[in-house]
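The entries follow the order in which I went through them.

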Amino acid sequence: MEAWCVDAACSGNPGPMEYRCVDLVTKQQIFHFGPIQGTNNIGEFLAIVHAAALMKQKGIKNTLIYSDSVSALAWVRNKKSKTQLERNEKTAQALDLVARAEAWLRANPDLPKIEKWDTRLLGEIPADFGRK
């Protein structure tokens, strides 16, 4: 089975946040978004939904999505984020994207298979930004 890996990075909380998706086999970057003002959890959530939406748009089937974020996986499963990010001029874009992602999840119940990346067993997820 083919697989894509997603990850996010954020400088501060909140702070400049970005996320990306990488093909597990080729290590080629599939997409990158940001930076915008947000949180790491928001980035992880948006990365999963962005990958799922891109797969649907391109008719990609039998491709797994890996994320190392327990929170983002729960948000996707529940189709609802639990972000505590305060809305202001700087965070409005991220929060608008979260609302769009939640609506997309509700409208698209047939998601690709999404699994937790086991960092202890497999090391850092290939989409990691390497800024730890």
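**Salt bridges and cysteines**

I began with glutamate 102, which is buried at a relative accessible area of 8%. I use buried for under 20% relative accessible area, exposed for over 50%, and partly exposed for what lies in between, with a 1.4 Å probe and protein chains only.

The model is predicted, so I note its limits: local features need pLDDT of at least 70, side-chain atom pairs count only at pLDDT 80 or more, and totals for chains, interfaces and linings use all residues. Residues are numbered from 1 along each chain as its sequence is written, and side-chain values use heavy atoms, with hydrogens and water left out.

**Entry: lysine 80 and glutamate 102**

I looked up the partner of glutamate 102 and found lysine 80, at 3.9 Å from N to O, in a salt bridge. For this term I require a side-chain nitrogen of Lys or Arg within 4 Å of a carboxyl oxygen of Asp or Glu. Lysine 80 sits in the loop between α2 (70–78) and α3 (92–107), and glutamate 102 is in helix α3, so this contact ties together parts that are 22 residues apart in sequence. I took helices as DSSP runs (H or I, at least four residues), numbered from the N terminus. Lysine 80 is partly exposed, with 48% relative accessibility, whereas glutamate 102 is buried.

**Entry: the other pairs**

How many salt bridges does the structure hold? I count 3.

I list arginine 87 with aspartate 96, where the closest N and O atoms are 2.9 Å apart. Arginine 87 is partly exposed at 48% relative accessibility, and aspartate 96 is partly exposed at 40%.

I also list lysine 113 with glutamate 115, whose side chains meet at 3.2 Å, N to O. Lysine 113 has a relative accessible area of 48% and is partly exposed. Glutamate 115, with 28%, is partly exposed too.

**Entry: cysteines**

I searched the whole structure for disulfides (a pair of cysteine sulfur atoms within 2.5 Å). The search returned 0.

I checked cysteine 10, which is in no disulfide; its nearest cysteine sulfur belongs to cysteine 21 and is 19 Å away. Cysteine 10 is partly exposed, at 22% relative accessibility.

Is cysteine 21 buried or exposed? I have it as buried, with 0% relative accessibility.

Methods:
Helices (H or I, at least four residues) and strands (E, at least two) are DSSP runs, numbered from the N terminus.
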